[in-house]
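Colleague: I've got a fold to go through and I'd like to learn how to read its features. Can you take me through it one step at a time?

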Amino acid sequence: MAESPPTVSLPPHPNHMVPPIPCADPPHPLLRSLQSPPPPTPPPPPPPPTSGPIFFKRPSVRVTSEFDSDSSLFLHKVSCKLFDSLAKLKVSFRNNNKGEVSEAQIAFTSKLLSIHYDLADQNALIKGSFDVGPTLQFKAAHDVKAKEGEVSMVAKLADPGYALELSTPVPTIGLPRATFKFPLGEVSLEEREDEEVKRSLSVGGIVKGQMLNGLCTAQFNDEDLKLRYAYKDAELSFIPSISLPSNAVAFAFKRQISPNNKLSYWYNFDSNTWSAVYKHTYGKDYKFKAGYDSEVRLGWASLWVGDEGGKAKTAPMKMKVQFMLQVPQDDIMSSALMFRVKKSGIYCRVSIKYKERLTTGGLLYLF
């Protein structure tokens with residue numbers, strides 16, 4: 001009987017994987033606890049190192065030196081902000097070309113307390129204030145050498161525009177001065193001593209209100225009264241005023257001739273004095289002014305390069321320059337030319353007088 005050939009078993013497929021046999025029951029809690037725990041989360045990065053509390057940071061110091069060639073005097077000022085700009089310390093003094101120091105003063109100012117000390121007079125002026133709740137504030141001032149001062153209390157009423165202030169000198173002389181403030185002005189009542197009447201009550205204050213598209217202001221003190229009316233629109237300003245009982249009348253007139261030209265005029269009927277100013281602007285950085293004042297009999301002209309009220313950083317070349325000519329009417333030979341330059345903390349003023357053969361005087365600021 002012939003034998004069948006042997007059966008050859010083939011090897012399994014190399015990519016074939018036997019599926020795992022699922023566990024019938026979940027692992028025991030003890031076995032679960034023996035398993036390796038998950039890796040711990042990394043700790044948060046440490047905070048950046050600080051130089052210390054804000055109250056102990058090294059304050060920045062500002063030094064200013066001024067020189068006046070007319071008097072040959074230097075004025076030095078040293079100031080710094082303390083406690084993260086909550087207070088300011090300032091030292092100032094003068095010295096001449098011989099090195100002699102004079103008018104030395106030390107000042108410490110903050111929101112609640114200020115102290116000004118004069119080394120030459122050995123005197124200090126102390127002022128302080130503090131709040132008691134949102135509606136009550138106390139203020140005090142004291143002159144150490146004169147042994148005088150003042151204490152006041154300000155009470156804010158329900159409406160933010162109304163307040164009552166009581167103040168009295170120290171040492172006390174009489175009744176405290178009472179001031180009632182309201183949105184349209186304020187009225188004060190004070191006790192005074194006169195030669196004829198030993199003690200009398202004095203009333204003063206100021207009241208404002210709208211009238212005829214303008215603002216009317218009445219300022220009074222005992223028997224004196226000053227009335228002022230101001231009307232202003234885009235092209236015209238008219239401001240008359242009268243004082244009683246002296247009947248002194250004055251008025252101011254301003255006219256915007258064009259966007260770049262403006263004329264101002266002021267006249268006092270009581271003294272017959274007047275003044276006039278003409279202003280012309282060339283863009284934002286150039287301004288020309290010319291005027292005359294009859295009270296001092298002086299004519300002048302001025303040219304500004306850079307915004308007169310702005311900062312030097314925004315001006316052309318980051319520099320502000322002013323040229324000014326003053327011509328006295330009675331002595332033309334005493335005319336003076338002055339120019340000022342301000343650039344990045346440096347301020348220089350020089351005056352040139354024609355009568356004194358172009359002698360110069362200057363004032364220099366270094367920050």
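Colleague: Let's start with the loop between β15 and β16. Which residue has its place there?

Modeller: Pro245 does: this is a predicted model, and in it Pro245 sits in the loop that joins β15 (236–244) to β16 (248–258). As a general idea, most peptide bonds are trans. Here the bond from Leu244 to Pro245 is cis, with omega near 5°.

Colleague: And what about the bond from Val170 to Pro171, cis or trans?

Modeller: Cis, with omega near 5°. Pro171 is in the loop between β9 (163–170) and β10 (177–182).

Colleague: Is Asn213 buried or exposed?

Modeller: Exposed. Its relative accessibility is 69%, and the cut-off for exposed is over 50%, so Asn213 qualifies.

Colleague: Where does Asp222 lie, and what is its phi?

Modeller: Asp222 lies in the loop between β13 and β14 (224–232). Its phi is positive too, near 55°. Asp222 has a relative accessibility of 45%, so it counts as partly exposed.

Colleague: Now hairpins. How do β1 and β2 pair?

Modeller: Strand β1 (residues 61–68) runs antiparallel to strand β2 (residues 73–82), and the pairing covers eight bridges. If you want a spot to look at, take Val63, which stands opposite Val78 in β2. The two strands form a hairpin with four residues between them. Ser72, in that turn, has a positive phi of about 55°.

Colleague: Let's do aromatics. How do you describe a pair of rings?

Modeller: With the distance of the centres and the angle of the planes. In this model the count comes to 11 aromatic pairs. Take Tyr267 and Phe269: their ring centres are 4.8 Å apart and their planes are at 85°, so this pair is edge-to-face.

Colleague: How is the pair of Trp274 and Tyr292 classed?

Modeller: As tilted, because the planes are at 45°, with the centres 5.2 Å apart. Trp274 belongs to strand β18 (residues 273–282) and Tyr292 to strand β19 (residues 286–293), so the pair ties together parts that are 18 residues apart in sequence.

Colleague: How accessible are the residues in those two pairs?

Modeller: Tyr267 is buried, at 18% relative accessibility. Phe269 is partly exposed at 46%. In the other pair, Trp274 is partly exposed with a relative accessible area of 29%, and Tyr292 is partly exposed with 22%.

Colleague: Which residues do ring pairs link into a cluster?

Modeller: Phe238, Phe251, Tyr265, Tyr267, Phe269, Trp274 and Tyr292.

Colleague: Next, single residues and their surroundings. Which residues is Ser92 in contact with, beyond its neighbours within four places in sequence?

Modeller: His76, Lys77, Glu103, Ala104 and Gln105. Ser92 is in strand β3 (residues 87–96). Its relative accessible area is 14%, and buried means under 20%, so Ser92 is buried. For sequence against space, Ser92 and Ser102 are 10 residues apart in sequence and 9.6 Å apart in space, C-alpha to C-alpha.

Colleague: And Thr168, buried or exposed?

Modeller: Buried, at 18% relative accessibility. Thr168 has its place in strand β9. Leaving aside neighbours within four places in sequence, Thr168 is in contact with Glu150, Val151 and Pro176.

Colleague: To finish, zoom out. How many helices and strands are there in the chain?

Modeller: One helix and 24 strands. Of the 367 residues, 19% are buried. The accessible surface comes to about 27,600 Å², and 62% of that belongs to carbon and sulfur atoms.

Colleague: And what share of the contacts between residues at least 6 apart in sequence join residues at least 24 apart?

Modeller: That share is 11% in this chain.

Definitions and conventions:
Residues are numbered from 1 along each chain as its sequence is written. This is a predicted model: local features need pLDDT of at least 70, side-chain atom pairs count only at pLDDT 80 or more; totals for chains, interfaces and linings use all residues. Side-chain values use heavy atoms; hydrogens and water are left out. Buried means under 20% relative accessible area, exposed over 50%, partly exposed in between (1.4 Å probe, protein chains only). Rings of Phe, Tyr and Trp (its six-membered ring) pair if their centres lie within 6.5 Å; planes under 30 degrees apart count as stacked, over 60 as edge-to-face and the rest as tilted. Contact means heavy atoms within 4.5 Å. Two strands pair if DSSP finds at least two bridges between them. Accessible areas come from the Shrake-Rupley method with a 1.4 Å probe; for residues, only the protein chains shown count as cover.
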